[in-house]
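Subject: Structure handover

Hello,

Here is the structure I promised to pass on. Please open it and keep it beside you while you read.

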Amino acid sequence: MADNVKITPDSFKPANNQDNTQKEEIQAPSLTFFQDAVRRLKQNKVAVVAFWVLAVMILIALLAPVIAPHNPNTQNVNYANLPPKIGSGNIPGFTGKGEVAGVVSDRYAASGVPKGTYYILGTDYLGRDLLSRIIYGTRLSIFVAFAATMFDMIIGVPYGLISAWRGKFTDIVMQRIIEIISSVPNLIVAILMLLIFKPGLTSIIIAIGFTGWITMARLIRAETYQLQSEEYILAAQTLGESSLKIAFKHLIPNMSSVIIINTMMTIPTAIFFEAFLSYIGIGIPAPNASLGTLLSDGQKTFRFLPYQMWYPSAVIVLLMLAFNLLADGLRDAFDPKSSR
Amino acid sequence: MTKYILKRIAWIFITLWIVATITFFLMKLLPGTPYTNQAKLSADQIRIMNEQYGLNKPLFTQYWVYIVGLLHGDLGTSFQFNNQPVTYLISNRIGPSMQIGAQAMIIGTLLGILLGAIAAVKQRTWVDSVATFFAIVGRSIPNFVFAVILQFFLAFKLKIFPIALWDGFSSSILPSIALAMAPLADTARFMRTEMVDVLSSDYIELARSKGLSSWQTVAKHALRNSLIPVVTIIGPMAVALMTGSMVIENIFSIPGIGEQFVKSILTNDYPTIMGLTILYSAALLVIYLVVDILYGIIDPRIRLSTTGGKE
C-alpha cells in the first residue's frame, strides 16, 4: 500500500498565513453568564410555557380592579350560590342551571336575576362573584409570595454571608440560632407569629418571610465558605478592599444563580403557606378573598356546589405548578451540571 | 461516637428549653383572653379563674412553675377542654396521628423510590418525563385540596371509603394517601437525581461489563447506593407530615394532635399550643438525630466526628 503513494516536493505548498487570522476569529457572539442562562431557559419548552402562564396570571392579578367583572366583596344574599353562567347560558358547563333537591332548573330565573346579568364562575353563599374573588385571591397570593420572598432574601443573604465571613464564634452562634428555629416546623413558627400580630396582610408576609430565610441563609453560608478561598477574593482582601465591598462586588454577583434559584423555589412554598394559613382560619381576615379562604368556603359546600371548590383549586394548582416548573427550568438553566 | 451522641442529646435538651421559653413568653404576649365571654364575667369571677390557673402570679413565677412542670412531664392544664391536663389530651390523641403519619411515610417513600428509580433508569424517555411531571404535580397540589378531591371521588361518589370518621383501618386509608402526596413527590425527585448520578458511575459500568443484566445492575448496585442519601430527606418529610396532619385530620375528622393544634389556635388555648409546639419540636429533634446516626451507619464514608458533627 505504502509503496504506491508517491510524495513529490510539489505535493507541498506553503500555508496561507493570512487565513490564520480568520481562523482564530470567534464565530459565536460571546455571551455573559445571564445571556447564556436565558438562552438555555428558552430551549426548555416546559419552562417557557410556565413563564407565559405566569406572566398572564400576574398581569391579570395586577389589573384585577380593571378586569374583575364585579366587586369581590359586594354581598347580595338574593343571588347566593348561583351556578356559573356566560352570556345567555349556551355554553355547556356555564348554563346557569343547577340542581336543587334533585330537580335541575335555571337558578338565575329562580333567584330573579335580571336578564343580561351573569356570573361567569357563579356566586358564593353570600352572593359574591366567584370569578372576581378568585382574581383578587390570586392577586393576594402572588403579592404575599413575592413580598415574603423579598423578606427572606433581605434576611437570608446577609445572614449567610455574615455567618460564613466572620466565621469562628459568630458562625457558631448564628448556626445555633438557625438550628433552634428549624427545630420547630416552619408553619408552626408562622402560626405562632400570626397569633401575636394583628391579623392582616403585613402579619402574614412577616410570618412567612421570617420562616423562609433559613434555607437561603444555609445555602449562602455554604457558598460563601467555598468562594472565600478563591484567589480573587484573597486578592481583593490583600488590596485592602472592605468586607462590605467584597460582599457586594464579588460574593453576591458570584452567588446570583443560587439566590435566583432558591428564590424561585421559595415562591410556591410561600403561596402554599398563605393558602394553608387562610384555610385554617388565621390568615387573611374576612371579607377579603384569598385562595385559602375560597378553598375552605368551597369545601363546606363541595358536595352540592362543587364549582365553588373546583375553580379556586384549579387556580392554585396552576399557579404553583407554573412556579415549580419555571423554578426547575431556571435551575437547569443556571446550573447545567445538575441534571435535576 | 458515644460522645457525639451524648453531645447531641444535651443540645436537644438545650434547644427544647429555648423553644419552651420562647413559646412561653410569646403566649404571654398574645392578645385576647383564654376565657370565652370574658365581657360577661365579673371582676371577681376573673380573679378566681386567674387564681385557679395560676395566672395571677408574677410572670417569672409562672415561667418557673411551667419549666419545673415540663421537667416532670407536666404540660399544664388545657383552658378549653374541661380542665384536662395537656399531657392527657395529647396521649389520647397521638395514636391516630402516629398511625396516619407512619402509613403516609411508608406509602410516600416506597412509591417515591419506585417512581424516582424508574425515571432514572428510563432517563430521557417519555417514562422519565411522565414520572418527573407527576412528581412536580404532586408538589404543586396543596395537600388539603388533594384530600378534598380524594374525599369527593373515592368516598362521596364511589363510596369505597368512609367520608370522614375515625373507625379502624379503612378510615385511615384516604388520609394516609392525602398526606403521602408531598413525601412521595419529594422522594421521587431526590431519588431520581441520586440514581442518575449513581448510574453514570464507574462501578455500574463495571457491573455492566461483567455481564450482569440491567435488572441486576439496578437492583443490586444502583438502587442500594442511591438509597443512602434519601435517608437525609426523612427530616423535612417529618415536617411535611406534621404540618400536613393539621389540615388532613380536620378534613377527615380524625381525633389526632394536628386537629387539636388547629382547634387550640382558634380558641386561644395557650397551654395546649405550647405543649404541642414543644412536642413537635422534640419529635423533630429526635428524628434529626436518628437520621444523622443512621446516615453514619449506612454510609461508612461519613464518620460522625466528635468535633464538628455534620458538615
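Below are my notes on it, part by part.

First, the ground rules. This is a predicted model, in which local features need pLDDT of at least 70 and side-chain atom pairs count only at pLDDT 80 or more, while totals for chains, interfaces and linings use all residues. Residues are numbered from 1 along each chain as its sequence is written, chains are lettered from A and ligands numbered from 1 in the order in which they are written, and side-chain values use heavy atoms, with hydrogens and water left out.

**Chain B**

Start with chain B. Its secondary structure comes to twelve helices and zero strands. Helices (H or I, at least four residues) and strands (E, at least two) are DSSP runs, numbered from the N terminus. Along the sequence, the pattern of chain B reads α-α-α-α-α-α-α-α-α-α-α-α. The C-alpha atoms of chain B fill a box of roughly 85 × 60 × 30 Å, taken along the principal axes.

**The two domains of chain A**

Chain A is assigned domain 1 (48–62 + 129–339) and domain 2 (80–127). Such bounds come from an automatic or database domain assignment. The C-alpha centres of the two domains of chain A lie 39 Å apart. Ten residues of domain 1 are in contact with 13 residues of domain 2. Contact means heavy atoms within 4.5 Å.

Together the two domains of chain A bury about 950 Å², with 61% of it on carbon and sulfur atoms. Buried area is the accessible area (1.4 Å probe) that two parts lose on being put together, summed over both. On the domain 1 side, A:D129, A:Y307 and A:Y311 lose the most area to domain 2, together 47% of what that side buries.

What about charges and polar atoms? Between domain 1 and domain 2 of chain A there are zero salt bridges. A salt bridge is a side-chain nitrogen of Lys or Arg within 4 Å of a carboxyl oxygen of Asp or Glu. There are also zero residue pairs in polar contact across this interface (both at pLDDT 80 or more). A polar contact is a pair of N or O atoms within 3.5 Å; within protein, one must be able to donate a hydrogen and the other to accept it, and residues adjacent in sequence count only if both atoms are side-chain atoms.

Helices α6 (130–166) and α14 (307–334) of chain A each supply at least two residues to the side of domain 1 that touches domain 2. α6(A) gives the most, with four residues. That side of domain 1 divides into six nonpolar, one polar and three charged residues. Here Ala, Val, Leu, Ile, Met, Phe, Trp, Tyr, Cys and Pro count as nonpolar, Asp, Glu, Lys and Arg as charged, and the others, Gly among them, as polar.

**Where chain A meets chain B**

Next, the two chains. 39 residues of chain A are in contact with 50 residues of chain B. The chains bury about 4,000 Å² between them, 77% of it on carbon and sulfur atoms. Two salt bridges cross this interface. B:R139 and A:D328 meet in a salt bridge through their side chains (3.9 Å, N to O). Five residue pairs are in polar contact between chain A and chain B (both at pLDDT 80 or more).

Which element supplies the largest share of the side of chain A that touches chain B? It is α14(A), with eleven residues. The residues of that side divide into 25 nonpolar, seven polar and seven charged.

**Aromatic pairs**

The whole structure holds 18 aromatic pairs over all chains. Rings of Phe, Tyr and Trp (its six-membered ring) pair if their centres lie within 6.5 Å; planes under 30 degrees apart count as stacked, over 60 as edge-to-face and the rest as tilted. A:Y279 and B:F144 form a stacked pair, 4.3 Å centre to centre with 25° between the planes. A:Y279 lies in helix α12 (residues 256–280) of chain A and B:F144 in helix α6 (residues 143–157) of chain B, so the pair joins two chains.

Best wishes
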